[in-house]
Amino acid sequence: MLQYRIEEAGGVKYIAYKGFQKVRAVFSTRIGGVSSSPFASLNLGLHTGDDRQAVLQNRTLFAGAVGTAVSRWVTAQQVHGSHVMSVHNEHAGRGHREQADAIPCSDGMVTGERQLPLVTFYADCVPVYLVDETKPAVALVHAGWKGTVARIAANGVQKMIEEYGCSADRIKAIIGPSIGPCCYQVDRPVIDKFTAVFGDTGDLLSPQGEGYALLDLWQANSRVLQEAGISLENIYITGLCTCCHKELFYSYRRDRGKTGRMAALIMILS
Ligand SMILES: [Zn+2]
C-alpha cells in the first residue's frame, strides 16, 4: 500500500513515497534551499528568473538529500506536449545544468536503468509517476491540462509496455502534489476541451457560474490511467494542493507566474 511521508535531510524537506522496494520516488518542497523571495528557498527551476547559481546549488542540495547524484539527472524540456522518451545511461546528466540540454520536445521519460534519476519540474501541473517493480521500469510524466487531455499518462504506460515488456496490471501509479480541485478554476475553452475528450465530466468539472468551473486534474489523470489498464487500487492520489500549501509549495497560479519550481524525481535503486 502506497503512502507519502514528509522527510528531511540536511534541512531539505521532501515528500517521499513509501511502499516500493527497488524504487525511490520523491517530490521536493520549497524548504531548505538558498534562493530568496519570491523564489525562497529551494527553487529547482532554471527558467524562472531566479539566480542561476542559487538554482544549481539548490539542485545539488536536493539531489544529495534524496540520495542521487545531480550529474546523473535526466530532465526533459517540458513543452506541454504528450511525447514520452525512453532514456538510457547515455542520457545521464541531460539538462542538469542547462535547460537547453534537456531531452527536447518531451514531457515524459521512461527508463529501465538503475541509478538513473528522471527529474521533471512543477509549479501546479501534475506529476505522474509509474512503477513496475517486477522489471523494474519507471516513468515520470508532466501533465498540465494540455498534457492531461492529450493523455500523456497513458503514453507513459504504453511506452513501458512496448519498450520494457511491462504489463498494465503490475504498474503502480502516483499522482503527485499539484493544483487541486479546490483551487483550479478554468474557463470555457478548457471546459470544452475536457468535455470533448472525456465525455461525461461530472466527476471532473464543478461549475462556478457562467463560463467557469473548478477542474479536478487528479481525477482526470486517474481516468486516463484506468483507461490505459491501470486498476483503481494501483492509483495513488497524493491529494496535496500546491496552491493551498504556500509553506510547502510554489504555485504558478497563486504567485501569478513569478515563482519557483519543485522537482519530481524517480529512480530505480537496484
Ligand atoms: Zn487548493
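Tutor: A residue is buried if 20 or more other C-beta atoms lie within 10 Å of its own, exposed if 12 or fewer, and partly exposed in between, with C-beta atoms placed from the backbone. This is a predicted model: local features need pLDDT of at least 70, side-chain atom pairs count only at pLDDT 80 or more, and totals for chains, interfaces and linings use all residues. Residues are numbered from 1 along each chain as its sequence is written.

Student: Which residues of H1 are called buried?

Tutor: Val55, Asn58, Arg59, Leu61, Phe62, Ala63 and Ala65. Each therefore has 20 or more other C-beta atoms within 10 Å.

Student: What covers the buried residues of H1?

Tutor: The cover includes strands E1 (3-9), E2 (12-18), E3 (23-28) and E15 (262-268). Contact here means that C-beta atoms, placed from the backbone, lie within 7 Å.

Student: How do you know that the span of H1 is close to the expected one?

Tutor: H1 covers residues 52-65, which is 14 residues. The expected span is 1.5 Å times one less than the number of residues. That gives 20 Å, and H1 reaches 20 Å from its first C-alpha to its last. Glycine 67 follows H1, with a positive phi near 75°.

Student: Why is methionine 85 called neither buried nor exposed?

Tutor: Methionine 85 has 18 other C-beta atoms within 10 Å. Methionine 85 lies in strand E5 (residues 84-86).

Student: Which residues does methionine 85 contact, leaving aside its neighbours within four places in sequence?

Tutor: Ala76, Ile103, Ser106 and Met109. Methionine 85 and isoleucine 103 are 18 residues apart in sequence, yet 8.1 Å apart in space, C-alpha to C-alpha.

Student: What makes strand E8 largely enclosed?

Tutor: Seven of the seven residues of E8 (residues 126-132) are buried, so the rest of the structure largely encloses E8. Both faces are covered. Val126, Val128, Leu130 and Asp132 are on one side, and Pro127, Tyr129 and Val131 on the other.

Student: Why are E8 and E9 called paired?

Tutor: Two strands pair if DSSP finds at least two bridges between them. E8 and E9 (residues 137-143) have seven, and they run antiparallel. Aspartate 132 has alanine 137 as its bridge partner in E9. Four residues lie between E8 and E9, which form a hairpin.

Student: How many bridges join E8 to E10?

Tutor: E8 pairs with E10 (residues 172-175) over four bridges, in the antiparallel sense. Leucine 130 stands opposite alanine 173 in E10.

Student: What makes E7 largely enclosed?

Tutor: Five of the five residues of E7 (residues 118-122) are buried, so E7 is largely enclosed by the rest of the structure. Leu118, Thr120 and Tyr122 point one way; Val119 and Phe121 point the other way.

Student: Which way do E4 and E7 run, parallel or antiparallel?

Tutor: E4 (residues 74-75) and E7 run parallel, joined by two bridges. Threonine 75 has valine 119 as its bridge partner in E7. E7 and E15 are antiparallel, over five bridges. There, threonine 120 stands opposite alanine 264 in E15.

Student: Why are E11 and E12 said to stand at the edges of their sheet?

Tutor: The open sheet has the order E11-E13-E12, with antiparallel pairing. E11 (185-187) and E12 (205-207) each have a single partner strand, so one side of each is left without a neighbour in the sheet. E12 and E13 (residues 212-215) pair over three bridges.

Student: What makes H5 mostly covered?

Tutor: Eight of the eleven residues of H5 are buried. Among them are Leu217, Trp218, Ala220 and Asn221.

Student: What describes the packing of H3 and H5?

Tutor: Two packed helices are described by the angle between their axes and the distance between the axes. Axes are lines fitted to C-alpha atoms, for helices over the stretch in contact, and angles run from 0 to 180 degrees between N-to-C directions. H3 (residues 152-164) and H5 (residues 217-227) pack at about 35°, with axes 8 Å apart. Ala153, Ala154 and Val157 of H3 make the contact with Asn221, Val224, Leu225 and Glu227 of H5.

Technical notes:
Contact = placed C-beta atoms within 7 Å.
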